[in-house]
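The entries below are kept in the order in which I went through them.

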Amino acid sequence: MTETSEKMYCIGCGAELQTEDKNKPGYVQNSTLKKYQEDDSRELFCKRCFRLRNYNEITDVDISDDDFLKLLDSIAQEDGLIVNVIDIFDYEGSVIPGLQRFVGDKDILVVGNKVDLLPKSVNQNRLLNWLQQKSKENGIKSVDQIMVSAEKGTNIDKLMRLIEKYRNGKDVYVVGTTNTGKSTLINKIISQNSDVKNLITTSRFPGTTLDRIDIPLDDGKSLVDTPGIIHKYQLAHFLNDQDLKTVTPKKPLRPATFQLRDGQTIFVAGLARFDFLDEKTNVVFYVNQNLLLHRTKTINAEEFYQKHLGEMLTPPSDIDEFPTLKKEDFVAHQKSDIVIYGLGWVTIPAGSKVRVYVPDGVSVSIRDAII
């Protein structure tokens, strides 16, 4: 905050105002705060509430795990439908394990966002079945699932019909992790229902200091936007804004196929390393096409990484802050994807053995192939 020690609160959502972190609740620019201190007859809103009131635009706010648990506890006391937004490009990084346990017996509608990023050849019905299966594995008993693209507006009308079908005259709570496109999705819903724009309100979740944004539905109930939980094991939290843009795809993924022999390694820029331990194998990478995929001999890989990190192997651009790589071995018992949370995946054939190096703190796992 600035020189003043007096606590100040947003008159929109009630969050305590702060000038340090634009992704946390209550953020306000220093210059705005100074203007208010010079003339306290002005109304003082946090940046998020200001954007909402003046531009009907919802922005992401990140919250900690503890705050998110309080939020879910608050929702558990209410009667309503849960709409859980997942990033289909980064399912493992954006699923909320145990969500059903926290919200009790409420119905959960699972929304796979960013379907526009998957290759056009992907079978949509197979994808929906895959999403249902993954939800089950994570303890989520979904009443239904749908693929959408908030960015392109794909299936938004269909989503609204599903929400109407399952909410039974109750409120709707939209939950998700950061970077799933949840705010983009809600902004798309608002823009397609232009008559609600001036009726959007902000308030607090009971028992928390977290703001809720209420978008009115036809029957007097609300579609409620909630702050996004941060999953610390996603790659995004180890990258600066510029590097994150390089890693995050905006266009459909273009598969990159490699025919490999024993003793070969592929680097995904300076972010990950894959050592292929079979005599011969064919693998397919699904990452943002802006990222360098570099093949080299495994015997030279460590020296190559140390020499070229931050230059040829970039991102990361800030190598001083970037964690060292840790290794993990995987064996595919069937055609599988090795997934690095927030980066993408590589599809490997049954029987393949792969040693994967990822930044310490970032999660990596194996799953049945999605494509």
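**Ground rules.** I am working from a predicted model, in which local features need pLDDT of at least 70 and side-chain atom pairs count only at pLDDT 80 or more, while totals for chains, interfaces and linings use all residues. Residues are numbered from 1 along each chain as its sequence is written, and side-chain values use heavy atoms, with hydrogens and water left out.

**Entry 1, Glu 92.** I began with Glu 92, which I found in helix H4 (residues 91–94); helices here are DSSP runs of H or I with at least four residues, strands are runs of E with at least two, and both are numbered from the N terminus. Glu 92 has a relative accessible area of 8% and is therefore buried, where buried means under 20% relative accessible area, exposed over 50%, and partly exposed in between, with a 1.4 Å probe and protein chains only. I noted a polar contact of 2.9 Å between the side chains of Glu 92 and Arg 367; such a contact is a pair of N or O atoms within 3.5 Å, and within protein one must be able to donate a hydrogen and the other to accept it, with residues adjacent in sequence counting only if both atoms are side-chain atoms. Setting aside neighbours within four places in sequence, I listed Lys 134, Tyr 233, Val 339, Tyr 341, Ser 365 and Arg 367 as the residues in contact with Glu 92, contact meaning heavy atoms within 4.5 Å.

Glu 164 is partly exposed at 43% relative accessibility, whereas Arg 167, at 3%, is buried. I also recorded the salt bridge between Asp 275 and Arg 273, with a closest N to O distance of 2.9 Å; both of these residues are buried.

A further salt bridge brings together the side chains of Asp 329 and Arg 355 at 2.8 Å, N to O. This pair links distant parts of the chain, with Asp 329 in strand S15 and Arg 355 in strand S18 (residues 353–359), 26 residues apart. Asp 329 is partly exposed at 46% relative accessibility, and Arg 355 is partly exposed at 25%.

Is S18 enclosed or open to the outside? Five of its seven residues are buried, so S18 is largely enclosed by the rest of the structure. I found seven bridges joining S15 to S18, and the two run antiparallel, with Lys 326 opposite Val 358 in S18. Strand S12 (residues 272–276) is joined to S18 by four bridges, also antiparallel, and here Phe 274 stands opposite Val 356.

I traced an open sheet of five strands in the order S10-S13-S17-S16-S19, with antiparallel pairing; two strands pair if DSSP finds at least two bridges between them. Strand S10 (256–261) and strand S19 (364–368) stand at the edges with a single partner strand each, so one side of each is left without a neighbour in the sheet. Within the sheet, four bridges join strand S13 (residues 280–287) to strand S17 (residues 344–348), and Tyr 286 has Trp 345 in S17 as its bridge partner.

Which peptide bonds did I mark as cis? The bond from Thr 314 to Pro 315 is cis, with omega near -5 degrees, and the bond from Pro 315 to Pro 316 is cis with omega near 10 degrees. Pro 315 is in the loop between helix H10 (298–308) and strand S15 (325–331), and Pro 316 is found in the loop between H10 and S15. Asn 168 is not a glycine but has a positive phi, near 50 degrees; Asn 168 is exposed, with a relative accessible area of 55%.

Technical notes: A salt bridge is a side-chain nitrogen of Lys or Arg within 4 Å of a carboxyl oxygen of Asp or Glu.
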